[in-house]
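Let's walk through this structure together, starting with its aromatic rings and then turning to its surface.

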Amino acid sequence: MGFASMQDREIGKSEFGERLKMYRSKKKLSQGQLAKISGTTVSQISRYENGQTLPNGFVFQRLSDALKISYQELAGNEINTIITPADFEITLRKALDLPPANMITIKDVIDKFIEINEIRTTLLK
């Protein structure tokens, strides 16, 4: 789920702050270390953890990347469904039945997702 979905779920600022602090503590990171890794400030991390504000989608993604957890996990939207390669293949086969313009869009989205994931992986090493 994206950040908009997190807001639609009306995650509270304090709930987010508690989750952020819990994951930061589990990773044995100080606020300063998390701030540096995620490209934000210690004071901003403190405001998040104290329930004063929520990050925008971009910062939220950087925080989840820095903590090496999923966006959904940080948002409290754990995914309980396991997608198997066979399930994914069925979806791709259905996509092949779509008009060519739709297939181009789907390919572009998948390519961009792979590119972003490779960049994140490289940055987090």
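Rings of Phe, Tyr and Trp (its six-membered ring) count as a pair if their centres lie within 6.5 Å. Keep that cut-off in mind while looking at this predicted model. Ring pairs tie F16, Y48, F60 and Y71 together into a cluster. Across the whole structure, the search turns up 3 aromatic pairs.

Take one of them, F16 with F60: the ring centres sit 5.4 Å apart, the planes make an angle of 35 degrees, and the pair is classed as tilted. Why tilted? Because planes under 30 degrees apart would be stacked and planes over 60 edge-to-face, with the rest called tilted. This pair also links distant parts of the chain, 44 residues apart: F16 belongs to helix 2 (residues 13–26), and F60 to helix 5 (residues 57–67).

Now for the surface. Here F88, L92, L98, I106, I110, F113 and I114 make up a nonpolar patch, and together they have about 580 Å² of accessible area. Which helices supply at least two residues each? They are helix 7 (85–96) and helix 8 (100–123). Helix 8 gives the largest share, 4 residues of the patch.

F113 counts as exposed because its relative accessibility is 56%, and the cut-off for exposed is over 50%.

Conventions. Residues numbered from 1 in each chain as written. Predicted model: local features only at pLDDT ≥ 70, side-chain atom pairs only at ≥ 80, totals over all residues. Heavy atoms only, no water. Patch = residues over 30% accessible without salt bridge, like charges linked within 9 Å, V, L, I, M, F, W, Y side chains within 5 Å. Areas by Shrake-Rupley, 256 points an atom, 1.4 Å probe, with all protein chains shown as cover. Salt bridge = Lys/Arg side-chain N within 4 Å of Asp/Glu carboxyl O. Buried < 20%, exposed > 50% of the residue type's maximum accessible area, 1.4 Å probe, protein only.
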